[in-house]
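Please work through the following exercises with the model open beside you, trying each task before you read its solution.

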Amino acid sequence: MENLTVSIIIPSHNRSSSLRRALDALHLQTYPIDLMEVIVVADSCIDDTLAMLQDYKAPFKLQAIEVNCRSASIARNTGAASATGKLLLFLDDDIEALPPLVESHARVHRERPGAAVMGPYPPKLHGGTRFFDVEVRSWWEEKFYQMSQPDHRFTYQDLLSGNLSLDAELFGRLDGFDSAFGNCGGEDYEFGVRLLKAGVPFAVAGDAVGYHYEHETNNLDRSFRRSRQEGRSDVLIGRRHPELRPTLHIKDYETPYFLVDKIVVAIAFFWPAAVDWLARGLRESLDLLESLRMRGTWRWLRSKLRGYWYLRGVIDELKSRSAISSFMQGGPARAHLGGYEINIDLQQGWEAAESLLDAERPAGVYLYYDQLTVGHIIPQAGAEPLRGAHLRSILALHFAQPLAAAIAVNGLPRTAETLEDKPLVAFETYELAIKS
């Protein structure tokens, strides 16, 4: 198959040295250099980024675009609008691409046309042993490990724009990233929702690795600012996709469970300046806890502070506690309502059940074993339809006991050699209209 032309889009803001490192790494790509173009969108840069780009000697076509929007979504959309490649590849400016990155993206697109493809970008190890560095590194490593597993069920929160590729035509048809998210982030998750609703499969290009130099700019204080932005972006996502509201962390602050959370929520709406002052003071306590090597207490306090700043972001958008209740009540009562579901008789064999899941791609499944009920895989808002690869891990994690009891009563499942000539499933459709 003919190689695809690839437009690599890099949004950047005041990080010329990091951007140069990202561009230098693209010199070493194993993909044909004449099929690559790089578009750097310099967003509100007041450092030497533009001067560096003007003097930069690149073996590939390099285009620099200046915008003043302070918005990653607008910057990425601007780069995509100027792209000429059939494939768009979005890279963050603090990612150092390993040589196979572009080639790996292109290969997965040839194997799975029309997919949204993510490449891993684990944090670059730099010897940091701070609690925060270890926590961040562990989170990213676990995230990419889980996404790379064959039985992983993708959700909209797996759409990571730091190392992402998809067809230019598809990106344009879905109107790209939502520019209304501005500088609060979350536009990649919202785009992930629309991709899944459009039936676009997600995939991971395991060899499309780029090292993430996040440690150069990320720290505890920035993570708390990010938590506040996440609160704002979750409100925006919930407004655009009401069916996701029961899954958002906003629900934790509508009716808090723990006493300390109830107190914080009550005070935050009436005296936010005082709680902000307290939160900043407690932030300093994290340094003391780390010096004392009290990791468990450090984690607990950091979690509470992240939760508080997330709530502050929600308050920035919704303004009052009554507005939070109205927001949550404006969506469905449960996150799993609606969707196409089928019945499956597991006694007919695992392979038969997996094949039918791949053929039908339902949102949920009623599981039986002959006449015995095993359970219900409920539709999950914001998740891809079920695939055959999902079945065995779901059975092991959620239905092991009823399945074992059913097998004890009715015997082992049939194999391909012993299948009877009987329907494997009875199909039913369950639909719920959810008002936007």
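**Exercise 1.** State in which strand Ile10 is found, and decide whether Ile10 is buried or exposed.

*Solution.* In this predicted model, Ile10 belongs to strand S1, which covers residues 6-12. The next step is the relative accessible area, which for Ile10 is 0%. Because buried means under 20% relative accessible area, Ile10 counts as buried.

**Exercise 2.** Find the residues that Ile10 contacts, leaving aside its neighbours within four places in sequence.

*Solution.* With those neighbours set aside, Ile10 is in contact with Leu19, Leu23, Leu26, Val38, Ile39, Val40, Val41, Leu91, Asp92 and Asp93. A separate check on C-alpha atoms pairs Ile10 with Ala72, which is 62 residues away along the chain, and gives a separation of 9.9 Å.

**Exercise 3.** Which residues of helix H14 are buried, and which residue follows the helix?

*Solution.* Within H14, residues 350-360, the buried positions are Ala352, Ala353, Glu354, Leu356 and Leu357. After H14 comes Arg361, and its phi is positive, near 45°.

Conventions
Residues numbered from 1 in each chain as written. Predicted model: local features only at pLDDT ≥ 70, side-chain atom pairs only at ≥ 80, totals over all residues. Heavy atoms only, no water. Helix = DSSP H or I, 4+ residues; strand = E, 2+ residues; numbered from the N terminus. Buried < 20%, exposed > 50% of the residue type's maximum accessible area, 1.4 Å probe, protein only. Contact = heavy atoms within 4.5 Å.
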